[in-house]
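Subject: Structure handover

Hello,

Here is the structure I promised to pass on. Please open it first, then read the notes below it.

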Amino acid sequence: MKRVLAIAARELDGLFRLPVGWIVAGVVFVGETLTPGQPATMRYFFVVGTWMLVPVAPAISMRLLSEEFRSGTIEPLMTAPVGDVAVVWGKYLGAVAFLLLMLAPTLVFVVVIWGASDRMPDLGPIVGGYLGLVLVGMVYLAVGTLTSTLTSSQTLSFLGTLIVLVLALLLSELALARVGPDLAAVLVELSIPARMRAFAKGVVDLRDVVALASASVLLVTVAAVSLESRRWR
Amino acid sequence: MIVVREISKSYGKVRAVRSVSFEVGTGRIAGLLGPNGAGKTTTIRMITGTLTPDAGSISVAGYDVGRAPTRARGQIGYLPESAPLYPELTPAGYLDHRGRLFGMPRAERRKAAERVIDRCALGPMRARRIGALSKGYRQRVGLAAALLHDPPVLVLDEPTNGLDPSQIRETRSLIRELAEDRTMLLCTHILPEVERTCDRVIVIGSGRVLADGTPAELTERSPGQQRYLIEARTNPSAGVEPVLATLRSLSGLHDVQPDDAQPDDAASGWSRVVVTANPDAPDLREPIAGAAADAGLFVRELTRERQTLESLFVRLVDQARERTDAETGS
């Protein structure tokens, strides 16, 4: 576990030392802003966040392993007494930590809403929304971690993740309106925006939490298998 | 102690390593020698655990690389070719990170980092960004990282690659010092490096072990042609011909030719001649000197060149290539 944290810490440190980290953090803060004249709620903020993170997550995850492959630093890493599972989890958790730190400044909007509204804002949707946004971001980063184990090109890793995420979101949203009720019931289960809308309403369903969390775990596990398979190639 | 037993590895249809076996004991420096594409790096990667062999087994300091991979990896200090490092870190930061990967507690990490920074003379560079360091210093950071956990086995891939002559000399003496109580496998294609630093040479070509022994054993076991170099003076107008004629009259010689490079003072009658003799011929220096004296030639240089590791290496590698070509029918 200490070794997982060592890898995560280096990854987080690396993201802050590179311009890409700061750019991404800035984009999120500026893009995820509140619109004046709207009701004092953050529901819109969280729904936008689901889409906002689509290009942001791949920008964070693209270098995780791709850069190690390209620069050759993967070799000292794979010859250290650390398992491939630990390497991938360390990388992934470093990216998740960056996501959390990146979302932290948006808490200022909560303060703004608090100050602007006469009544105490409803905290349920805010807490639920943040939980949902983090869980969704974690799924995106898990997809990104997996693609970055497949290529030594950061560009390919970025584009691959972006395409997968856009297709997954668009298909589930567009198809939802066009299919019969039986298929729609299945699609809703797979749809990330549908789950996010529930979170943004303040409905924290344990099934949603488990579904998103296990999707992340599954993807990171596949990423570890993908990394390990390089030893056999 | 490294024990490699019958390991093989293929990439698709290309058989990179074919049933390679060798052992390296403690306190020994073994040089893994071979041309580019011979299977050196693949072999090293299998020993260090980056690649899994298709067949065969490897044990490092008593741990089986296949069955106890993390334990085995903990016994090895590895310097990969061209020493890949994280450019955004400082040497001190990188060493600390490596220490954490090897599960060393903070106090131990600090002490170990000081030790290797001192040993690899990295003191003045410890707080600079690795990306801003020269190639020589980066190589030293890589070596320092390999030594950090004080491993009983060291595997160094082209350790003097990209260093200047004085750095090469320093690195070689460091390698000698380090090998005293360790097992060391040195991968290189620089032949003088092997002759100067290694106790033992393992020549690899076309994925096979072609020769294995001390540098002296190898050159003696398979002697090639002997070569003699003679510089003599004749009448300036006669040129090199009288020297050639005198030497050709000797028996046991294979060939006598003027050297490609003639001395600067050729105009005053000096000429350089190369004599080749069969591998089993006795020492011909005495007969050559005698014949020259009888013919009234004044000799200022007479050298016998033994078979070098280089000529042996070239011959072995060529033979292996022919064999492989014959097998694949191309």
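Contact here means heavy atoms within 4.5 Å. Please keep in mind that this is a predicted model.

**One arginine in chain B**

Start with B:R18. This residue is found in strand β2 of chain B, residues 14-24. Is B:R18 buried or exposed? The cut-off for buried is under 20% relative accessible area. B:R18 has 13%, so this residue is buried. What does B:R18 touch, leaving aside its neighbours within four places in sequence? Its contacts are B:I7, B:S8, B:S206, B:G207, B:R208, B:T324 and B:E327.

As background, strands of a sheet pair through backbone hydrogen bonds, either parallel or antiparallel.

Strand β11 of chain B covers residues 226-233. Seven bridges join β11(B) to β14(B), and the two run antiparallel. B:L229 has B:T303 of β14(B) as its bridge partner. B:A232 stands opposite B:V299, also in β14(B).

How many bridges join β11(B) to β13(B)? There are eight, and these strands run antiparallel. Here B:Q226 stands opposite B:A277 of β13(B).

Why is β11(B) largely enclosed by the rest of the structure? Six of its eight residues are buried, so the strand is largely enclosed.

**Two cavities**

Rolling a probe the size of a water molecule over the atoms shows where empty space is left. A search of the whole structure finds two cavities of 30 Å³ or more.

The largest cavity has a volume of about 110 Å³. Its lining has 18 residues. Which of them lie nearest its centre? They are A:P76, B:Y78, B:R98, B:A145 and B:A146. Three elements of chain B give two or more residues to this lining: β6 (76-79), α3 (91-101) and α5 (135-147). The largest share, four residues, comes from β6(B). By class, the lining of the largest cavity has 13 nonpolar, four polar and one charged residues.

The second largest cavity has a volume of about 30 Å³. Its lining consists of A:T73, A:P76, A:L77, B:P84, B:Y86, B:Y94, B:H97, B:R98 and B:L101. Helix α5 (74-78) of chain A and α3 of chain B are the elements that give two or more residues to it. Which element gives the most? It is α3(B), with four residues. By class, this lining has six nonpolar, two polar and one charged residues.

Best wishes

Notes: Residues are numbered from 1 along each chain as its sequence is written. Chains are lettered from A and ligands numbered from 1 in the order in which they are written. This is a predicted model: local features need pLDDT of at least 70, side-chain atom pairs count only at pLDDT 80 or more; totals for chains, interfaces and linings use all residues. Side-chain values use heavy atoms; hydrogens and water are left out. Two strands pair if DSSP finds at least two bridges between them. On a 1 Å grid over the protein atoms alone, a cavity is a set of points where a 1.4 Å probe fits but cannot get out, and a pocket is an open set with protein on both sides within 12 Å along at least five of seven lines; lining residues have an atom within 4 Å of a point. Grid points are joined across faces, edges and corners, and a volume is the space filled by probe spheres set on the points. Ala, Val, Leu, Ile, Met, Phe, Trp, Tyr, Cys and Pro count as nonpolar, Asp, Glu, Lys and Arg as charged, and the others, Gly among them, as polar. Buried means under 20% relative accessible area, exposed over 50%, partly exposed in between (1.4 Å probe, protein chains only).
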